[in-house]
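Hi everyone, thanks for making time for this. Let me put the model up, and then I'll walk you through its pockets, cavities and rings.

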Amino acid sequence: MKENKTIHAISVVTLVTLFAKLLGIVRESLQARAFGTLAAADLYSTANNSTIYLFTTAAYALCIAAVPILTPRLRRNRREGYTAASNLMTISVLLSAIVAAVWIGATFVLPVGSQWERVEALQLAGYMRVMILTLPVIVLTYLLVALFQSLEHFVLQGSMSIPYNLALIVFLALFAGRLGVGGYVAAVALAWLLQLGMTVPYALKERYCYRPVLDLRADYVKTFLKTAVVTVLTTSIFLFCYLQDSSMTAQLSGSPVSAFYYADKLFTPLTTTLVYSISTVLFPRFSEKFSQQDRPAYLRYIWSMLRGTLLLILPMSVVLAAFGTPIVKVLFEGGSFDASSTAATGGIFTIYALSMAGFCALDLLSKAYYSMEQTLTPLLVNGGILLCNWGLNHLLGPRWGGPGLAAATAVSITLGGVVMAVLLLRGSGEIRVAPLLKSLLAALVTGGALWALTGLVLNGAEGKAALVVKCVGMGAGAAVLYAALLLLTRQEDFRELLGRYKKA
C-alpha cells in the first residue's frame with residue numbers, strides 16, 4: 001500500500017514538473033526566436049550562466065542540505081522545526097547578500113572576459129549586476145521549499161516556476177522586440193519574485209511565519225554549511241561540465257556559446273523532470289530506510305530504486321538522441337534562429353542526451369550517501385568527473401569543436417555514475433545486475449532501430465507539422481518495441497511495475 005502511495009506521489013510530482021518544464025521550453029523557444037544565436041544572445045547566455053544558473057544550483061544544494069535537518073525536528077516538535085528553518089534562512093540570506101554585494105562590486109573593477117569587445121563587456125557587466133540581485137531571493141525561495149518538502153508538500157518544487165515561465169512568455173511575446181535583451185534581463189530578475197510568492201499559500205496552510213533568528217551555535221549549523229558546500233558540487237555536476245563546455249567553446253571558431261545554452265535548456269528540464277520528481281519523493285524516505293535496515297539491505301533498496309528509474313530513463317535517452325535535431329528545429333527554429341543554429345544546437349543536444357543514465361545514477365546515489373551522512377565519496381567522484389571532463393575537453397574540443405566538448409561531458413558523467421555505483425554497492429551482498437543489463441540491451445536495440453528508421457523516414461525537407469507527426473509515430477513505435485523486448489527478456493522490474501499498476 002505504501003509503495004502504491006509512493007508511486008502516486010511520484011506520478012503527481014512528475015506531471016506538475018513536466019508542465020512547468022514544458023512552459024520553460026516554450027519560453028526558451030520564444031527566446032531563441034527573439035535573440036537567436038547572435039552576439040546579443042551570447043551576452044545573455046554568459047550573464048545567465050555565471051549568475052542565476054549558478055545561484056539556482058547552489059540554492060538547490062542548500063535545499064538538499066536543509067531537508068535532513070528539518071525533517072526530524074518538525075516531526076518531534078513543529079515549533080522546534082520552524083525555529084531551525086528561520087535560523088537557516090537568516091544565516092543563508094545574510095551570507096548571500098554579502099556575496100551579492102561583493103560580486104556587484106567586482107564587476108566594476110575586474111575584466112569581464114577577453115573574448116568580448118569593450119562595448120560588449122560593459123553590456124555583459126550591466127546584465128550581471130541586475131541578475132546578481134536575485135541571489136538572496138533565490139536562496140530564500142529554496143529554503144522555503146526545503147521546509148515545505150520536509151512537511152511532505154512535494155508539488156511545490158515542481159510548480160513554483162509555472163508563474164515565472166508564464167510571465168516571461170508574455171514578455172517575450174509582447175515586449176522582446178522593443179525592449180531587447182536588456183529588458184529581458186530585468187524581466188528575468190523580477191520574475192523570481194513570483195517563484196518566491198508561490199511559497200505563500202503553503203506558509204499560510206502550515207501556519208509558518210518567519211521570525212528573525214540568528215543562532216550560529218546551534219548544533220545543526222555546522223552540518224548544514226558543510227553539507228551545503230559539498231552538495232553544491234555533487235548536485236550540480238552537469239552544470240559545471242556545461243559551464244566548462246560553454247567557456248571553452250568561446251575560444252573555438254564556429255561554435256557559438258548560445259548553441260550550448262539552448263542545448264542545455266532542453267537537456268536539463270527533460271532529464272530532471274523525472275529524475276528530480278522521483279528523488280523529491282524518495283529522498284526524505286532514504287533516511288527512514290537507512291535507520292530501519294542494516295547497511296546491506298539499505299543498499300539493495302537503493303539499487304532497486306536506481307534500476308527502476310533507469311528502466312524509464314534509458315529509452316528516453318535513446319529517443320531524445322535520435323530526435324535531437326528535429327526537436328530543436330520544431331521548438332526553436334524561426335526568426336533569428338536559423339538552420340545553422342538548429343544544426344549546431346541539435347548536434348550538441350543529441351550527445352548530451354546520451355548522458356541521461358549517468359546523470360540519473362549520480363543524483364540518486366549521491367542522495368543515498370547524504371542519507372547515511374557521508375559526503376566525501378560523492379565529492380571525490382564528482383571532482384573526478386570535472387577533471388575528466390576538463391581533460392577530454394582539451395583532447396576532443398580542438399578536433400571536433402562543439403560536438404567534441406559535448407561528448408566529453410557525456411563520457412565523464414556516465415563514467416562517474418558507474419564509479420559511484422561500484423563504490424556504494426561494495427559489501428552490500430548479492431546485487432542483481434541482470435535486470436539492468438536487460439534494460440540496457442533493450443534500449444540499445446531500440447535506439448539502433450530508431451536511428452536506422454530515422455534515416456529512411458526523415459529527408460530534412462519536412463515542415464514542422466510533418467516532422468512532429470513522423471517523430472511522434474516513430475517514438476510510439478520505439479516505446480512499443482522497448483516494452484516488447486522487456487517482456488521477451490522477462491525483465492523483473494518492468495513486470496513488477498506492471499503488476500503494481502494493475503493492482504492500483
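Let's begin with the second largest pocket: its lining has 22 nonpolar, 7 polar and no charged residues. For those classes, Ala, Val, Leu, Ile, Met, Phe, Trp, Tyr, Cys and Pro count as nonpolar, Asp, Glu, Lys and Arg as charged, and the others, Gly among them, as polar.

A quick word on ground rules. This is a predicted model, where local features need pLDDT of at least 70 and side-chain atom pairs count only at pLDDT 80 or more, while totals for chains, interfaces and linings use all residues. Residues are numbered from 1 along each chain as its sequence is written, and side-chain values use heavy atoms, with hydrogens and water left out.

Back to that pocket. On a 1 Å grid over the protein atoms alone, a pocket is an open set of points with protein on both sides within 12 Å along at least five of seven lines, a cavity is a set where a 1.4 Å probe fits but cannot get out, and lining residues have an atom within 4 Å of a point. Points are joined across faces, edges and corners, and a volume is the space filled by probe spheres set on them. The second largest pocket has a volume of about 590 Å³. Of its 29 lining residues, Leu314, Ala357, Thr414, Val418 and Leu440 lie nearest the centre. Helices α14, α17, α18 and α19 each supply at least two residues of that lining; helices here are DSSP runs (H or I, at least four residues), numbered from the N terminus.

Now the cavities: there are 3 of 30 Å³ or more.

On to the rings. I count 18 aromatic pairs (Phe, Tyr or six-membered Trp rings with centres within 6.5 Å; planes under 30 degrees apart are stacked, over 60 edge-to-face, the rest tilted). Tyr142 and Trp192 have ring centres 6.4 Å apart and planes at 45 degrees, so that pair is tilted. It joins α6 to α9, across 50 residues of chain. Both Tyr142 and Trp192 are buried, meaning under 20% relative accessible area with a 1.4 Å probe, protein chains only. Ring pairs also link Phe238, Phe260, Phe267, Tyr352 and Phe359 into a cluster.

Thanks, and I'm happy to take questions!

Methods
Buried means under 20% relative accessible area, exposed over 50%, partly exposed in between (1.4 Å probe, protein chains only).
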